[in-house]
Amino acid sequence: VPRALPHAAQPEARHAVVVGAGLAGGFAAQALARAGLEVTVLERREAPACETSGNPGGLFHGTVNADDGPYARLFRSAALHAARAYRSAIDAGVPGAVGGLLRLHTAAAGPPAMQAVLAALGLPPGYVQALDAGEAAALAGVPLPLPAWFFPEGGWLSPPAGTRHALASAGVHFRGGVDVASLERIAAGWRLRDAAGQVLAEAPVVVLANAGQAQALAGTRWPLRHTRGQVTHWAARHGLQLPVAGDGYAVPLPDGLLCGATREAGEPGDEAVREADHRWNLERLQRLTGLTAPPQTSSWQGRTGYRLHTDDRLPIVGALPAATQPPRRDQGRLLLREPGLFALTALGARGLTLAPLMARLIAAQATGSPWPLEQELADAVDPARWAVRAARAGAAAQEPG
């Protein structure tokens with residue numbers, strides 16, 4: 001749907017810089033390059049996807065909520081877009097599958113209530129189906145204890161391979177071992193420097209996709225928190241045919257099985273793989289699918305990452321608000337924006353689902369092109385949404401009576 005140009009749009013820009021080379025940065029770079037820009041990606045690690053985006057596999061799928069609010073609609077749009085994006089990546093050799101995903105339904109109401117929700121919302125079977133436990137187990141290839149939502153367009157992908165594939169797009173140039181410490185406005189756009197003050201890059205468009213570090217560069221404060229997550233995987237035959245999610249998840253990898261992930265509040269730091277976390281993942285795997293790991297603990301492999309979440313569990317995507325604002329601030333579209341400065345961060349545990357569509361939104365806003373999703377959903381992920389809520393709360397407090 002065409003939209004008026006946001007204040008941040010730079011339709012004449014020919015060059016962009018993306019800070020961060022995880023899923024968010026990789027797909028932002030790809031989307032900007034496909035929009036016609038030359039893109040430089042700056043990453044503090046030597047290689048892409050070395051942090052949370054480095055897990056061997058991850059899930060993408062939609063969400064069903066009876067109220068079908070912005071959260072459900074956003075994840076529906078994102079999941080369907082991700083399926084299209086990942087099919088081409090898989091065809092190019094990225095490990096993954098767009099063959100369906102099962103999410104167990106833990107509410108007391110069973111399949112009849114699930115069918116009623118689908119009928120009320122008018123959701124087509126090509127997006128989601130309600131299955132009883134037997135039907136779900138037949139698709140999964142293993143016994144399942146509960147009914148499930150089946151997302152035919154859901155699946156799994158290797159995040160590091162998907163990130164590298166995106167960064168290999170024509171027009172994208174990766175620079176590793178580069179730590180951006182400051183950002184300043186200049187006549188031609190933005191200048192990025194390292195801690196020693198050395199100029200790293202200049203561009204009219206900059207996208208901050210470097211997780212928690214984006215906040216410091218943006219000079220703002222968002223309600224963010226990290227959760228530590230460890231995954232467990234091993235090479236063995238298992239019989240699982242489709243990814244299954246619920247209390248934890250299980251992913252059939254080409255050479256074994258992946259399960260996880262733990263959730264523990266805490267700031268990034270401890271990346272050690274813990275046997276206790278392996279056992280927690282395996283207990284949930286057995287409850288979820290009845291599958292067990294090989295008894296030799298030496299065969300268990302793992303990886304730890306830190307997911308970044310907002311307080312409302314939605315990502316931060318869009319143009320950053322300017323320091324000076326007009327008197328009325330109760331709608332995001334009324335706010336002034338920093339020209340050419342964007343954020344794509346806080347994808348939480350749903351990075352694979354969100355990254356391709358959120359990257360397209362950034363590219364559309366940066367170039368002044370039609371947005372790929374409705375205004376209400378763009379408002380829901382807007383970096384300025386907390387300021388908008390505060391303005392609305394202030395206006396409500398001033399109303400008489």
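Reader: How many helices and strands make up the secondary structure of the protein chain?
Author: The model is predicted, so local features need pLDDT of at least 70 and side-chain atom pairs count only at pLDDT 80 or more, while totals for chains, interfaces and linings use all residues. Residues are numbered from 1 along each chain as its sequence is written, and side-chain values use heavy atoms, with hydrogens and water left out. With helices (H or I, at least four residues) and strands (E, at least two) taken as DSSP runs numbered from the N terminus, the protein chain comes to 10 helices and 21 strands.

Reader: What is the radius of gyration of the protein chain?
Author: For 401 residues the globule rule gives 21 Å, the rule being 2.2 Å times the number of residues to the power 0.38, with the radius taken over C-alpha atoms. The chain lies close to that value and is therefore as compact as a globular protein of that length, with a radius of gyration of 22 Å.

Reader: At what angle do helix α2 and helix α8 pack?
Author: Axes are lines fitted to C-alpha atoms, for helices over the stretch in contact, and angles run from 0 to 180 degrees between N-to-C directions. The axes of α2 (residues 70-91) and α8 (residues 351-367) are 7 Å apart. The two helices are roughly perpendicular, a term for 65 to 115 degrees, whereas angles under 35 count as roughly parallel, over 145 as roughly antiparallel and the rest as oblique. The angle is about 90°.

Reader: Which residues of α8 make the contact with α2?
Author: Contact means heavy atoms within 4.5 Å, and α2 brings L74, F75, S77, A78, A79, H81, A82, A85 and Y86 to it. On the side of α8, the residues are L352, T353, L354, P356, L357, M358 and R360.

Reader: Which residue in β11 stands opposite L183?
Author: Strands β10 and β11 run antiparallel. Opposite L183 stands a residue of β11, namely L192.

Conventions
Two strands pair if DSSP finds at least two bridges between them.
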